[in-house]
Amino acid sequence: MKSLALPTFISQQLIREEKLGVCQPRLQVSSDRSPHGPSVSVCFLAPDLIAFLTSCARPNELLKSVFRVTVAQVPSPEGDRLPDVSGRYLLLEDELRFIPHFPFERDVKYRATFDPRPLGAPLTAESLNREFFIPSEQEAPALTEVTHIFPSCALLPENLLRFYVCFSNPMQRGQALKAISLLDSDGQPVADALYRPPVELWDRSMRHLTVLLDPGRLKRWVGPNVELGPPLEVGEKYALEIGVGMTDLYGRPLSESFRKHFVVGDPVRERVSVEHWKILPPGTGSRQALVLIFASPLDWALLQQTITIESPDGLVIDGQVVVDQHERRWSFTPTSPWVTGVYQIRVGPGLEDVCGNNTTEAFDRPLRKGPNLVTRINGSSLIFQLI
Amino acid sequence: MSEKPISSGHSRRDILRFAAASAVGLALPGGISAASGAPVAHDGVSGPLRSAGVLTFGPNNVLFVGDITGATIHAFALRDKDLTSQTDLISGNFHNFEGRDHIVGLDQKLAALLGTTIDKIVINDLAVHQPTEQIFLSVERGRGTDAIPAIVKVNHGQLEILELDKIPHSHISIPSEPDSTAMLEFDPQQVYAITDIKCYNGELFVTGITNQRFASTLHRIPYPFNSGMATCTVEIWHPVHGEFETRAPIIRHVIRELNGEPYLFAVYGCTPLVRFPLSALKDGTHVRGDLIGELGYGANPLDMLTFTSPADSKDYLLVTIDTRSASQIAVSDLASAPAQPTGGGIDFGPGGLGRTQRALPIKAEHIAILNPKWAILIWRHPRTTYRLDLSTLALPYFFERKDGMSEMNWPNGPDPFHYREHRNELGNQ
């Protein structure tokens with residue numbers, strides 16, 4: 001289970017608490033450095049009450065009616081009851097502690113109620129009530145903005161398959177359909193151009209979102225392509241707009257909307273020709289970067305993970321990859337110096353260009369005939385020798 | 001900013017349990033409180049889950065959970081105490097097509113239980129444990145990297161969180177990249193989004209899509225888990241697109257035996273219905289499915305299931321769809337339907353079995369079969385769209401009479417279906 005990094009904070013948001021002496025029972029919100037974060041406790045409980053609770057056969061049943069934590073909220077129009085916050089109880093020396101199963105959320109107001117009357121005489125006392133909340137972190141990161149949209153080039157092929165939208169902070173799901181649109185040169189949304197995936201396609205860090213153009217409109221002779229034409233038209237200007245409605249992890253809109261302006265050029269309908277890549281080999285004994293130059297831009301995300309370098313003894317070597325020059329340059333800086341010998345540049349079968357063309361075939365290709373369906377997408381490799 | 005959960009009263013739920021291993025559980029029987037105050041390490045209700053997605057039940061009370069963030073399929077072998085029979089619950093008045101609400105304001109109540117506001121509640125799936133008719137929900141609190149997963153069950157209208165760390169568990173990783181032979185030690189940004197899981201004859205069939213390559217992949221995994229996994233890519237003829245498609249993901253699937261032969265039936269976006277014989281789904285193969293129905297363009301399927309009609313005892317396939325009515329197709333037609341010709345011109349459909357599909361009035365975010373006479377669904381009533389409800393709907397017409405404004409619902413109106421004779425006939429079967 002993931003737990004939030006909650007601040008070490010003792011809530012002072014005491015709205016209503018009985019005026020009791022320090023040794024009288026009181027409700028207290030405690031910061032706690034343990035993994036489950038803050039908890040709420042009834043402190044300074046009398047020894048006989050603790051003894052009574054420890055002697056109960058089913059203390060849980062009793063405690064959940066005596067010490068309750070709820071989300072503080074306005075009444076329901078249905079008059080329907082809402083459950084208490086799910087959690088568990090710890091009985092300590094003079095303290096009864098409630099630990100929520102899911103850490104208290106920042107800025108959500110909770111109400112803790114301790115009403116010992118069901119425990120019966122002579123333990124009867126007045127009930128305690130307290131509302132509290134855990135405030136947001138003092139140092140919230142700067143407002144979120146779109147940092148990049150890939151492909152980074154301002155001239156994009158007519159049959160572009162996908163964009164990657166990069167944000168400066170982790171984001172929340174659920175807003176992409178409404179907040180992201182493709183605009184024409186008049187700033188009007190282009191209908192049915194973007195694909196609606198069954199789930200929003202985020203990476204694990206939730207900073208990078210994949211936005212696909214409708215593949216049915218990209219493939220020639222395919223129904224939507226014939227009916228509606230390709231989503232992009234050669235020679236036209238467009239903008240991919242990321243609206244402020246995208247919500248970041250902290251619940252905030254973007255600092256401003258972002259538009260990636262581009263012009264549409266001719267489609268690319270050929271496989272990625274690995275054999276035409278230009279190799280700029282490093283110096284032997286150095287830790288200079290090995291550089292590959294591509295004829296046309298390749299997919300930014302797939303470039304990060306589909307090319308590996310094998311040393312002369314056949315091992316994959318560690319290093320850092322940098323992709324730049326509008327995704328036409330791939331540089332690899334090894335962690336150890338280059339040695340003499342023959343290196344293999346292994347290109348995985350997953351590598352594609354910005355149109356989804358891979359190293360074996362084009363994305364938009366003639367129909368395959370006959371019963372043999374297997375077009376194995378093979379990886380390729382190049383070599384360079386250091387002497 | 002957000003719609004707050006709302007309440008006017010209290011409830012005393014049997015949800016806060018003493019864990020046997022908790023400090024309280026240890027301290028109380030001895031009558032001595034733990035003076036140190038050291039809490040137990042973790043509350044663990046999410047157990048091994050990193051996210052909570054598709055749910056499905058297998059034999060022996062095993063609940064499978066698709067975990068996209070963890071790139072894992074989890075199997076929780078539920079114990080007897082994790083299951084409470086709900087067969088005594090009244091589902092509604094079957095003769096009069098009057099369902100009942102099991103939970104009004106499901107999202108409001110989940111928010112209260114998980115200690116959050118309603119905008120942070122995401123319900124990803126719904127499954128029913130058929131022997132007990134108990135409903136299980138896969139839920140996340142939060143929509144970002146801080147999202148916390150939970151499996152919540154419904155016990156006589158009350159929500160209870162499954163404490164997953166206490167339930168016997170096994171799991172298997174799903175490769176996020178089908179051809180991951182070449183991977184550097186970089187952060188693998190590629191995510192395999194699991195769209196559906198079904199269990200058949202000791203195997204799981206897992207379908208999904210990746211965020212980068214947009215490739216349709218089907219994994220076939222034996223259970224109990226071992227290292228075995230067969231992965232194939234699939235291809236269909238898509239008449240609306242007039243193309244063989246290898247990339248469109250299977251969004252939902254079911255497995256049925258027809259004439260002694262098991263088949264996987266899959267629906268895709270925009271909305272082809274495709275048949276694959278299980279015998280063809282072998283590791284490393286590329287399989288072309290038979291397109292047997294085109295259910296209509298411009299739509300995405302939400303759920304796919306089969307049910308036996310209490311009216312004619314025949315089996316039917318049901319596909320719910322986001323932008324229009326649900327589709328019903330006789331299961332007997334699934335095996336016999338001819339594969340639609342490939343290579344022809346563009347056909348916007350409907351085609352094949354799509355031409356004879358029956359439209360059903362279902363508007364549900366999630367739906368499952370509860371028992372032989374009732375389905376259970378999560379939906380928004382048109383008059384209370386600010387909340388989600390968990391309600392029953394009578395088979396086989398999936399029609400809710402009490403929402404109707406038709407004349408026969410007025411006190412002195414005609415009564416061709418003899419509703420008045422069957423007033424107050426509540427039952428669960």
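I started at B:Leu110, which touches B:Ile121, B:Val139, B:Val152 and B:Leu159, leaving aside residues up to four places away in sequence. Contact here means that the C-beta atoms of two residues, placed from the backbone, lie within 7 Å.

I noted the ground rules next. This is a predicted model, where local features need pLDDT of at least 70 and side-chain atom pairs count only at pLDDT 80 or more, while totals for chains, interfaces and linings use all residues. Residues are numbered from 1 along each chain as its sequence is written, and chains are lettered from A and ligands numbered from 1 in the order in which they are written.

**Confidence.** I looked up the scores: ipTM is 0.77 and pTM is 0.79. Chain B has a mean pLDDT of 79, with 79% of its residues at 70 or more; pLDDT is the predictor's confidence in each residue, from 0 to 100. Residues 178–188 of chain B stay under 50, and the model has 23 contacts for them beyond four places in sequence. The pLDDT is also below 50 over residues 238–243 of chain B, a stretch with 30 contacts beyond near neighbours in sequence.

**Core.** I returned to B:Leu110 in the list of core members. The largest nonpolar core holds 183 residues, and B:Leu110, B:Ala150, B:Ala375 and B:Ile376 touch the most other members. Such a core is a set of buried Ala, Val, Leu, Ile, Met, Phe, Trp, Tyr and Cys residues joined through C-beta atoms within 7 Å. A residue is buried if 20 or more other C-beta atoms lie within 10 Å of its own, exposed if 12 or fewer, and partly exposed in between, with C-beta atoms placed from the backbone. Strand β18 (residues 261–268) of chain B gives the most to this core, namely 6 residues. Helices (H or I, at least four residues) and strands (E, at least two) are DSSP runs, numbered from the N terminus.

**Helix α2.** I checked residues 106–113 of chain B, which form helix α2, and 8 of its 8 residues are buried. Among them are B:Asp107, B:Gln108 and B:Lys109, as well as B:Leu110. Just after α2(B), B:Gly115 takes a positive phi of about 70°.

**Sheet.** I traced an open antiparallel sheet of 4 strands in chain B, in the order β22-β23-β24-β26. The edges are β22 (301–308) and β26 (358–360) of chain B; each has a single partner strand, so one side of each lacks a neighbour in the sheet. Neighbouring strands are turned by 25° against each other on average, direction ignored; the axes are lines fitted to C-alpha atoms, for helices over the stretch in contact, and angles run from 0 to 180 degrees between N-to-C directions. β22(B) pairs with β23 (residues 315–321) of chain B over 7 bridges, in the antiparallel sense. Pairing requires that DSSP finds at least two bridges between the strands. I picked out B:Thr306, whose bridge partner in β23(B) is B:Leu317.

**Backbone exceptions.** I found a cis peptide bond between B:Tyr223 and B:Pro224, with omega about 0°. B:Pro224 sits in the loop between β14 (217–222) and β15 (230–238) of chain B. The bond from B:Leu395 to B:Pro396 is cis, with omega near -5°, and B:Pro396 lies in the segment after β29 (389–394) of chain B. B:Phe398 is also in the segment after β29 of chain B; though not a glycine, B:Phe398 has a positive phi of about 55°. B:Phe398 counts as buried, with 23 C-beta neighbours inside 10 Å. B:Phe97, not a glycine, has a positive phi of about 55° and is found in the loop between β4 (92–93) and β5 (98–99) of chain B. B:Phe97 is buried, with 20 other C-beta atoms within 10 Å.
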